[in-house]
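Subject: Handing over the structure

Hello,

Here is the structure I promised to pass on to you. Please open it alongside this note, and then read on for what turned up in it.

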Amino acid sequence: MRLMRFAPHFVLTAAALAAGVANASPLEPRNGAEFTTLAAPQATQAVGKKVEVIEFFAYHCGACNAFEPTLVNWAKKQGDNIVMRRIPLPFQGPLDPEARLFLTLEAMGKLDEYHHRVFRAVHVERKRLMKDDDIIAWAAANGLDKAKFMEAWNSFGVQTRLKRLSQIANAYKVSGTPTVVIDGRYVVSPDAVRQANKIQDVGQLMTATGQVLDALVSKAAATK
């Protein structure tokens, strides 16, 4: 598994950049470039004409933290067109503490309140939340009832879901973060959009990624 970064991995000449942009557009994303299509589409939890959108992420992932505001704003604009889900990618294996934190917050009904606070703790306050004890101490220090937190943390439901995360990621062919899956079949990441369109500016990359997501949601909705 790998973390994606938005900084370019190589320097482009002006001619190469112009040629790349001329042949690519996030408004018309291409299979095998801005996105890939799963050979074995996965079942979705969306009903009716809504399109399921899943983000695979990790709290310690800098690119996920940078992408979060864009994804949140994009999801708000999509409104009732989509059903949004998040799945933590277990970089440390079947007992990954960060993934366990996410599932615990979700089980407690505290995810909406604390999701952005975890990102802030890791990337702004520079807290290292990579071990069980550190996470439990952080939760107690940030207003969560320790007894209720530990009950959810150790619950059968959280433990079962935690052990299934690697299997889920493998089914979606996800190995890095952030990665977004549209309608159980279209897989896209900011890094793929960056490479396909030779984008170096982070602001432009966020806009382009949103455009690709828009196009794929429309593509999926047209088949419902």
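The buried residues of α8 are Pro190, Asp191, Val193, Arg194, Ala196 and Asn197, where buried means under 20% relative accessible area, exposed means over 50%, and partly exposed lies in between (1.4 Å probe, protein chains only). With six of its eight residues buried, helix α8 (residues 190-197) is mostly covered. Lys198 follows α8 and has a positive phi, near 55 degrees.

Before going further, please note that this is a predicted model: local features need pLDDT of at least 70, side-chain atom pairs count only at pLDDT 80 or more, and totals for chains, interfaces and linings use all residues. Residues are numbered from 1 along each chain as its sequence is written, and side-chain values use heavy atoms, with hydrogens and water left out.

**Overview and confidence**

The protein chain has nine helices and seven strands; these are DSSP runs numbered from the N terminus, helices being H or I with at least four residues and strands E with at least two. Of the 224 residues in the protein chain, 45% are buried. The mean pLDDT (the predictor's confidence in each residue, from 0 to 100) is 91 for the protein chain, and 89% of the residues reach 70 or more. Over residues 6-22, pLDDT stays under 50, and the model has 20 contacts beyond four places in sequence for this stretch; a contact means heavy atoms within 4.5 Å. Where pLDDT is low, the predicted coordinates should not be read in detail.

**The sheet**

Five strands form an open sheet in the order β2-β7-β6-β3-β4, with mixed pairing; two strands pair if DSSP finds at least two bridges between them. At the edges are β2 (35-37) and β4, each of which pairs on one side only. On average, neighbouring strands of this sheet are turned by 20 degrees against each other, direction ignored. For these angles, axes are lines fitted to C-alpha atoms (for helices, over the stretch in contact), and values run from 0 to 180 degrees between N-to-C directions.

β2 and strand β7 (residues 186-188) run antiparallel and are joined by three bridges. Phe35 has Val188 in β7 as its bridge partner. Two helices also pack on the sheet. Helix α2 (residues 62-78) touches β3, β4 and β6 (179-182), and its direction makes about 160 degrees with that of β4. Helix α9 (residues 202-221) touches β2, β3, β4, β6 and β7, with its direction at about 175 degrees to that of β7.

**Helix α5**

Which residues of α5 are buried? They are Ile135, Ile136, Trp138 and Ala139. Seen down the axis of α5, the buried residues fall within an arc of 160 degrees, so they line one face of the helix; the arc is that of the directions from the helix axis to the C-beta atoms. These buried residues pack against α3, α4 (111-123) and α6 (146-153). The exposed residues Asp133 and Ala141 sit on the face of α5 turned away from its buried side. Just after α5 comes Gly143, with a positive phi of about 90 degrees.

**Salt bridges**

Searching the whole structure gives twelve salt bridges, each being a side-chain nitrogen of Lys or Arg within 4 Å of a carboxyl oxygen of Asp or Glu. Here are three of them.

- Arg85 bridges to Glu52, with the closest N and O atoms 3.0 Å apart. Arg85 is in strand β4 (residues 82-88) and Glu52 in strand β3 (residues 51-57), 33 residues apart. Arg85 is partly exposed at 22% relative accessibility, while Glu52 is buried at 0%.
- Asp132 bridges to Arg100, with the closest N and O atoms 3.5 Å apart. Asp132 lies in helix α5 (residues 132-141) and Arg100 in helix α3 (residues 97-108), so the pair ties together parts that are 32 residues apart in sequence. Arg100 is buried, with a relative accessible area of 9%.
- Glu106 and Arg161 meet at 2.7 Å, N to O. Since Glu106 lies in helix α3 and Arg161 in helix α7 (residues 156-171), this pair ties together parts that are 55 residues apart in sequence.

Enjoy exploring it!

Best wishes
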